[in-house]
Amino acid sequence: MNLNRLAYFAAVVDSGSFTRAAERLGITKAVVSQQVAQLERDLGTSLLVRTTRRVHPTEAGRMFHARCVMILREAEDAFDELAQAAAAPTGTLRITAPNDYGTAVVVAVVTAYAARYPHCRVELTLEDQTVDLASGQIDMAIRVGWLVDSSLQARKIGSFRQCLVGAPAFADRIAARDPDELVTLPFIANMALREPLLWQFSRGDLDRRAVRLQASIAIDTTPGVLAAVLAGGGLSVLPDFLVADDLAAGRLIHILPQWQLPSGGIHTVYPAARFRPPKVTAFVEMLIAAQRRAGTNA
């Protein structure tokens with residue numbers, strides 16, 4: 001099957017004329033007529049009804065035209081994607097990410113990205129509140145947690161665990177062996193979360209507890225909560241990517257490690273579009289590589 005003939009046929013149907021189709025395609029009317037006639041012979045059916053004033057598709061021609069449009073669009077998309085994949089990132093890449101993940105992971109990737117692609121400028125906004133991508137001012141967002149339904153396009157690039165942690169100086173006061181006993185202990189609430197005080201603990205498949213803690217301190221950013229925990233202000237729940245170094249160094253201790261808190265996802269989120277520019281795809285690949293090195297694969 002000669003795919004050029006599909007384009008010639010679609011142009012004739014769209015314009016209603018062999019002459020106008022030829023002008024649109026930049027070839028002669030004779031070539032268009034010959035190629036469409038050969039297409040009809042190949043298919044063994046009439047696709048067009050020709051009159052002196054206009055060309056109309058037959059019933060078979062209308063159905064075939066709809067298919068041709070889809071095939072040609074897919075072919076065009078394939079060429080566009082290949083061309084974009086081969087292009088080098090340029091321009092300004094605008095990213096938004098949460099404070100905690102952005103500081104712990106994204107900043108290092110942005111630095112490496114800027115060094116690798118010196119013709120691309122990066123603007124990173126660290127914001128715990130969800131930024132509207134529909135405005136067109138942001139190329140991509142990084143969301144940590146649980147996505148809500150939307151018209152945006154998303155890709156999961158990793159996951160994280162939540163850990164109940166406290167400072168070693170606070171350890172003598174932690175006699176709790178059960179989540180229900182935590183309600184009597186000082187707790188630092190992260191007000192950037194939708195439910196900063198209600199936590200779901202689980203142990204095995206059957207033992208599950210929902211515990212509502214009492215906040216002795218409330219802070220509206222995750223890094224601020226971490227600083228308060230390190231200072232001995234109380235317990236809090238923090239993501240593993242933020243506390244891993246402090247746990248390994250002994251600056252924090254994991255409270256009730258036998259009980260699990262819900263895990264969350266790390267996603268890249270984009271405005272709805274058919275294609276993403278090279279500056280975005282290149283950054284996402286570098287971010288995924290960083291996630292793999294950290295051992296938090298999707």
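C68 is buried, at a relative accessible area of 0%. Buried here means under 20% relative accessible area, with a 1.4 Å probe and protein chains only. C163 is also counted as buried, at 1% relative accessibility. The structure holds 0 disulfides, a disulfide being a pair of cysteine sulfur atoms within 2.5 Å. The model is predicted: local features need pLDDT of at least 70, side-chain atom pairs count only at pLDDT 80 or more, and totals for chains, interfaces and linings use all residues. Residues are numbered from 1 along each chain as its sequence is written, and side-chain values use heavy atoms, with hydrogens and water left out.

The largest nonpolar core has 36 residues. Such a core is a set of buried Ala, Val, Leu, Ile, Met, Phe, Trp, Tyr and Cys residues joined through side-chain atoms within 4.5 Å. Y101, M140, I142, L238, F283 and L287 have the most contacts inside this core. Helix α8 (residues 278–294) supplies its largest share, 8 residues. Helices (H or I, at least four residues) and strands (E, at least two) are DSSP runs, numbered from the N terminus. Y101 touches V106, I142, V144, I157, F241, I266, L287 and Q291, residues up to four places away in sequence not being counted. Contact means heavy atoms within 4.5 Å. A second, separate core has 16 residues, including V12, F18, V32 and V55.

Within α8, the buried residues include P278, F283, L287 and Q291. The 17 residues of α8 should span 24 Å at 1.5 Å a residue, and its end C-alpha atoms are 24 Å apart, which agrees. The expected span is 1.5 Å times one less than the number of residues.

Strand β4 (residues 120–126) contains V122. Beyond neighbours within four places in sequence, V122 is in contact with L93, I95, V110 and Y113. V122 and I95 lie 27 residues apart along the chain, yet their C-alpha atoms are separated by 7.6 Å.

Three strands form an open sheet in the order β12-β7-β13, with antiparallel pairing. Two strands pair if DSSP finds at least two bridges between them. β12 (236–239) and β13 (253–254) stand at the edges with a single partner strand each, so one side of each lacks a neighbour in the sheet. Strand β7 (residues 162–166) is joined to β13 by 2 bridges. V165 stands opposite H254 in β13. Helix α6 (residues 222–230) packs on the sheet and touches β7 and β12. The direction of α6 makes about 125 degrees with that of β12. Axes are lines fitted to C-alpha atoms, for helices over the stretch in contact, and angles run from 0 to 180 degrees between N-to-C directions.

How values were computed
Buried means under 20% relative accessible area, exposed over 50%, partly exposed in between (1.4 Å probe, protein chains only).
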